[in-house]
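I opened this notebook to record what I looked up in one model. The entries go from the whole chain to the sheet and then to the aromatic rings.

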Amino acid sequence: MSKITLHYIYDPLCGWCYGASPLIEIANTHPNIALELHGGGMLAGASRLHMDNQFREHIKQSDKRIAAMTGQVFGKQYLNMLDEPDLVLDSAPPLQAILAAAQQHKALTMLKAVQHAHYVSGRHISEPNTLLEIAHEIDLDIEQYQRDYLQQGGDNLEQHIHYSRQLLAQSGSSGFPTLLIQQQGKWLRVPLQNYLSDVEQWQQFLDSIVATSH
């Protein structure tokens, strides 16, 4: 049986993507599904977020909803980090790190590790040194990671983000996370939001789309 490909459009600093990460992990371990990651750069470049009180409150309220719906943990250190003065959230460095980890077939491992570092441990994943520490922690070949990290910046990162946003637009989506499947030349959205609190139903849904695509 050939695998079907799920295209996951995400951002490492998107709370709902963190909320959906258990579902993405299940999809990734499904024997008949291949997962492709597309980083959308929600807070990259000119969209980098300089935290202010209004946005801080917005994030905290949103995180409470995500935790209630998904059971995902938002750690005390993370909440403390949100209160730091002059906090800047930038998606570009962690996306670059995930693209570098992909060269060692560990893109999803890196995404999970940076999400945990940010949302649980309150580490600054917009800083390359933090990302280098995480690369150590997930047992990447560090010399290769450092070479690939440099190579995946600049134009490569811009092109990756541009393509991810094109996918979003083609599918009629705008937000993160978005999960797409391509069938008969059309992009179909997978209703991730329907399964955020029901892992068993999600497994059944994946089995059903695999069955109907063959």
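The entries below follow the order in which I consulted the structure.

**Entry 1: the chain as a whole**

I note at the outset that this is a predicted model. I looked up the secondary structure and found 9 helices and 6 strands in the chain. I then checked the radius of gyration: the value is 17 Å, close to the 17 Å that the globule rule gives for 214 residues, so the chain is as compact as a globular protein of that length. For the extent, I recorded that the C-alpha trace spans about 50 × 40 × 30 Å along its principal axes.

I next turned to burial and surface. Of the 214 residues, 51% count as buried. The accessible surface of the chain comes to about 10,800 Å², and carbon and sulfur atoms hold 48% of that area. I also looked up the contacts with a separation of 6 or more; residues 24 or more positions apart account for 75% of them.

**Entry 2: the sheet**

In which order do the strands of the open sheet run? I read the order as S2-S1-S5-S6, which makes an open sheet of 4 strands with mixed pairing. Strand S2 (33-39) and strand S6 (186-190) stand at the edges; each has a single partner strand, so one side of each is left without a neighbour in the sheet. Neighbouring strands of this sheet are turned by 30 degrees against each other on average, with direction ignored.

I then examined one pairing. Strand S5 (residues 178-183) pairs with S6 in the antiparallel sense, over 5 bridges. Leu-180 stands opposite Arg-189 in S6. As for what covers the strands, I found that helix H5 (residues 107-119) packs on the sheet, where it touches strand S1 (4-10) and S2. The direction of H5 makes about 55 degrees with that of S2.

**Entry 3: aromatic rings**

How many aromatic pairs does the model hold? I recorded 10 aromatic pairs, counting rings whose centres lie within 6.5 Å. I took up Trp-202 and Phe-205: their ring centres are 5.7 Å apart and their planes stand at 25 degrees, so the pair is stacked, given that planes under 30 degrees apart count as such. Both residues lie in helix H9 (residues 199-212), 3 residues apart, which is about one turn of the helix. Are Trp-202 and Phe-205 buried or exposed? I noted both as buried.

Last, I followed the ring pairs elsewhere. They link Tyr-18, Phe-74, Tyr-78 and Tyr-119 into a cluster.

How values were computed
Residues are numbered from 1 along each chain as its sequence is written. This is a predicted model: local features need pLDDT of at least 70, side-chain atom pairs count only at pLDDT 80 or more; totals for chains, interfaces and linings use all residues. Side-chain values use heavy atoms; hydrogens and water are left out. Rings of Phe, Tyr and Trp (its six-membered ring) pair if their centres lie within 6.5 Å; planes under 30 degrees apart count as stacked, over 60 as edge-to-face and the rest as tilted. Helices (H or I, at least four residues) and strands (E, at least two) are DSSP runs, numbered from the N terminus. Buried means under 20% relative accessible area, exposed over 50%, partly exposed in between (1.4 Å probe, protein chains only). Two strands pair if DSSP finds at least two bridges between them. Axes are lines fitted to C-alpha atoms, for helices over the stretch in contact, and angles run from 0 to 180 degrees between N-to-C directions. Contact means heavy atoms within 4.5 Å. The radius of gyration is taken over C-alpha atoms; the globule rule is 2.2 Å times the number of residues to the power 0.38. Accessible areas come from the Shrake-Rupley method with a 1.4 Å probe; for residues, only the protein chains shown count as cover.
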